[in-house]
Amino acid sequence: MKNDQQIVLKSITVFVFTVMLFSCSNSTEEVRNFLEEKNLPIGKAKDAYHVYKDSGRITSKLITPLLLDFSNRKKHPYNEFPKGIKIINFENKGKDSITVIGDYALTYSKTEISEIEGNVVVINHSDNSRLETDQLFWDQKTKYFVSEAPFTLYQARDTVVGVGFECKEDLTKHMAKKTTGRLETKE
C-alpha cells in the first residue's frame, strides 16, 4: 500500500512538472519585446570576423572583438561595436582598397549609416592617402564620409588639417572646412 502511494505521488509530481514545463513557452515576439524594453541585445558575438560577398566575390570584411545586435528595435534597428571595428573593402581586383578603423561604432541597418568614433583612421591603399579624426559618419549607400570633428588628411603631396569635411569613401573629391596645412596647387 505504501509503495502504491509513492508511485501515485511520483506520477502526479511528474505530470504536474511536465504540464508546467510545456505551459511556460514564450513566443519569439514576446522575447524580442522583452529584450527591447530592457534595452538588451538580441544577439552578441565575440571576436567576430564577417565576410561580405557579392556574386561569389569578397567585397569586404568586418573584424571586431564584440558585436551587439539590436536588430529587434522596431524604429531604429542597429548593431553596436563597443570595443572597436575594422572594415576592409575590396574593390581593386581583390586587393585591399579601403580600410576603416575605429574604437567604437554604431551601424543603423535601415538607413545604412554608420557612426564611428575614437581614433578613426581611413586608409586608401591605392594611393596611400590617410584620414585621421575622432568622429566619422559613413553613408554606405552613397559611399560617402562626413564629419564636423577636427581631422588630418595625408595625401602624397598634401597634408590638410581642419575641422569638418566631406569626401568620397576612397578619400578623393573631398571638401574640407576651416583648413590649414601645406597644399600644392597648379596654376
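**Spaces and salt bridges in a predicted model**

Searching the whole structure turns up 1 cavity of 30 Å³ or more. A cavity here is a set of points, on a 1 Å grid over the protein atoms alone, where a 1.4 Å probe fits but cannot get out. This is a predicted model: local features need pLDDT of at least 70, side-chain atom pairs count only at pLDDT 80 or more, and totals for chains, interfaces and linings use all residues. Residues are numbered from 1 along each chain as its sequence is written, and side-chain values use heavy atoms, with hydrogens and water left out.

The largest cavity has a volume of about 40 Å³, volume being the space filled by probe spheres set on the grid points, which are joined across faces, edges and corners. Its lining residues (an atom within 4 Å of a point) include Phe 151, Phe 165 and His 174.

Now the salt bridges. A salt bridge is a side-chain nitrogen of Lys or Arg within 4 Å of a carboxyl oxygen of Asp or Glu. The count comes to 2. One joins Glu 132 and Arg 130, at 2.7 Å from N to O. Glu 132 is partly exposed, with a relative accessible area of 28%. Arg 130 is partly exposed too, at 32%. (Buried means under 20%, exposed over 50%, partly exposed in between, with a 1.4 Å probe and protein chains only.)

Lys 177 pairs with Glu 148, with their closest N and O atoms 2.8 Å apart. Lys 177 is partly exposed, with a relative accessible area of 27%. Glu 148 counts as exposed, at 52% relative accessibility.

How values were computed: 1 Å grid on protein atoms, 1.4 Å probe; cavity = no way out; pocket = protein on both sides within 12 Å on 5 of 7 lines; lining within 4 Å.
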